[in-house]
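Please look at the model shown here before reading on.

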Amino acid sequence: QSQLSQALNGLSDRAKEAKEFLVQLRNMVQQIQENSVEFEACLVAQCDALIDALNRRKAQLLSRVNKEHEHKLKVVRDQISHCTVKLRQTTGLMEYCLEVIKENDPSGFLQISDALIRRVHLTEDQWGKGTLTPRMTTDFDLNLDNAPLLQSIHQLDFVQMKVSSPVPAPPILQLEECCTHNNSATLSWKQPPLSTVQVEGYILELDDGNGGQFREVYVGKETMCTVDGLHFNSTYSARVKAFNKTGVSPYSKTLVLQTSEETQSEEQTLPFPVPLERLQLRRMSPFSSTLNLQPSFPGRSYFELRSSAHQLSLHSSLQSLNSAVDIKKMVAVAWFSFDPASAHADIIFSNDNLTVTCNSYDDRVVLGKTGFSKGLHYWELSIDRYDNHPDPAFGVARIDVLKDAMLGKDDKAWAMYVDNNRSWFMHNNSHTNRTEGGITKGATVGVLLDLTRRTLTFSINEDQQGPVAFENLEGLFFPAVSLNRNVQVTLHTGLPVPEFYASRSAMQ
């Protein structure tokens with residue numbers, strides 16, 4: 001009895017554990033059902049987001065097809081109208097000539113026959129080669145490349161969660177690779193030498209130049225990035241952190257950097273030789289253009305590395321290298337070119353992105369690479385080609401300006417558009433201040449952006465065109481041009497303020 005009683009006690013404990021385990025399993029059933037509903041809802045939401053993105057892209061592509069359709073119809077209808085007028089004139093001339101041939105008076109016929117014969121030959125020549133050839137094909141030269149997307153859809157699958165790896169160590173900013181140029185800053189970083197933790201990407205943050213909050217300016221796998229559109233003569237703080245599937249690393253030490261002054265004239269010397277590699281820094285994704293240090297530009301930069309225990313200051317002057325050490329009385333100005341990354345697809349670039357034209361009869365917009373929010377800036381555009389009296393527009397714009405319309409059609413641009421006889425100012429599709437005097441091939445258009453007085457002024461061939469075009473400008477502005485295939489312009493930067501404005505400022 002004692003042995004059986006002991007055995008029953010052990011079995012009773014097991015039965016009690018089994019009951020508790022069954023309760024646990026039943027709870028798991030309920031939890032699985034709840035998790036399943038939640039997971040299905042998440043999956044549906046993710047797929048719906050993909051479908052929404054595809055629908056938005058479909059609408060954008062259909063819009064492009066409609067624009068191409070309207071463009072083809074416009075070209076063909078213009079040719080129909082032109083050809084109809086010429087045919088009506090030709091038919092009228094033929095009927096008149098037939099009536100003259102019936103003339104019975106020889107002297108009267110001889111008086112007008114020579115003129116009629118010349119007119120008939122001239123009209124025939126006007127129907128020369130190409131006149132009766134369509135200017136536009138009926139085919140749509142657009143082919144949707146959907147193969148990569150279909151392949152991605154077929155490969156869409158669940159990813160099995162892996163065992164967590166450690167969080168990355170804080171990146172190290174490489175001072176010798178960091179520099180500023182005009183109002184752009186290039187920063188470079190690396191992982192600690194002994195770190196073996198896998199890194200999936202980096203997050204670069206900058207403040208607003210006034211000691212405000214940090215904000216993300218780059219997220220990606222690259223270890224070098226150039227940030228454009230900063231204020232001139234301003235102090236920014238930068239920091240970077242790494243991340244992987246497990247989480248985000250602590251921040252690196254903070255780098256304090258100074259952008260270039262807009263205008264300065266002073267004696268400068270190089271405290272040490274600058275490595276040639278410093279002149280070959282490239283902008284990485286999402287900035288796709290090359291950092292261009294002009295040979296005559298003395299681009300100064302100041303860096304300060306902040307640490308919790310101490311402060312280490314490094315003041316360096318980044319100079320374009322000559323064999324001599326002295327650089328005397330050079331002026332720091334904003335050198336820039338046109339930006340292929342933000343331009344309309346129809347814009348054609350040449351001459352190191354300083355010369356642009358277009359392959360469309362419609363107006364297309366191209367911006368400069370450098371944005372301005374402070375100071376006085378002047379640049380010129382020389383007219384290399386000007387056919388059939390188009391209306392190119394010159395001025396400034398926000399980065400998100402419409403790229404497929406004349407500059408000034410929306411509220412993101414402030415412009416002067418001009419033909420061969422006169423000009424107008426335009427903003428938000430409002431036309432003002434018609435002024436006599438236009439452009440021809442070889443003319444020069446000047447754009448003067450004074451963000452101290454918050455004004456925009458234009459000139460043609462070094463004479464001010466009209467009054468001050470726009471006032472109360474505030475924010476970040478990019479140089480901008482709109483043109484079509486009948487115009488080609490070349491950008492000239494790093495220029496002094498024109499005399500008409502310098503004298504006016506002195507009087508004020």
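Predicted model: local features only at pLDDT ≥ 70, side-chain atom pairs only at ≥ 80, totals over all residues.

Residues are numbered from 1 along each chain as its sequence is written, and side-chain values use heavy atoms, with hydrogens and water left out.

**Strand E3**

Helices (H or I, at least four residues) and strands (E, at least two) are DSSP runs, numbered from the N terminus. Strand E3 spans residues 184-190. Six of its seven residues are buried, meaning under 20% relative accessible area (1.4 Å probe, protein chains only). Two strands pair if DSSP finds at least two bridges between them. The pairings of E3 are tabulated here.

| Partner of E3 | Residues | Bridges | Sense |
|---|---|---|---|
| E1 | residues 172-173 | two bridges | antiparallel |
| E2 | residues 179-181 | three bridges | antiparallel |
| E6 | residues 224-227 | four bridges | antiparallel |

Individual bridges can be named. Ile172 pairs with Lys190 in E3. Thr180 pairs with Ala185 in E3. Ser188 pairs with Met224 in E6. E2 and E3 form a hairpin, with two residues between them. Asn182, in the turn, has a positive phi of about 55 degrees.

**Arg135**

Arg135 lies in the loop between helix H2 (106-126) and helix H3 (147-154). Arg135 is exposed, at 53% relative accessible area; the cut-off for exposed is over 50%. Beyond neighbours within four places in sequence, Arg135 contacts Val75, Gln79 and His82. Contact means heavy atoms within 4.5 Å. Asp78 is 57 residues from Arg135 in sequence, and 9.8 Å away in space, C-alpha to C-alpha.
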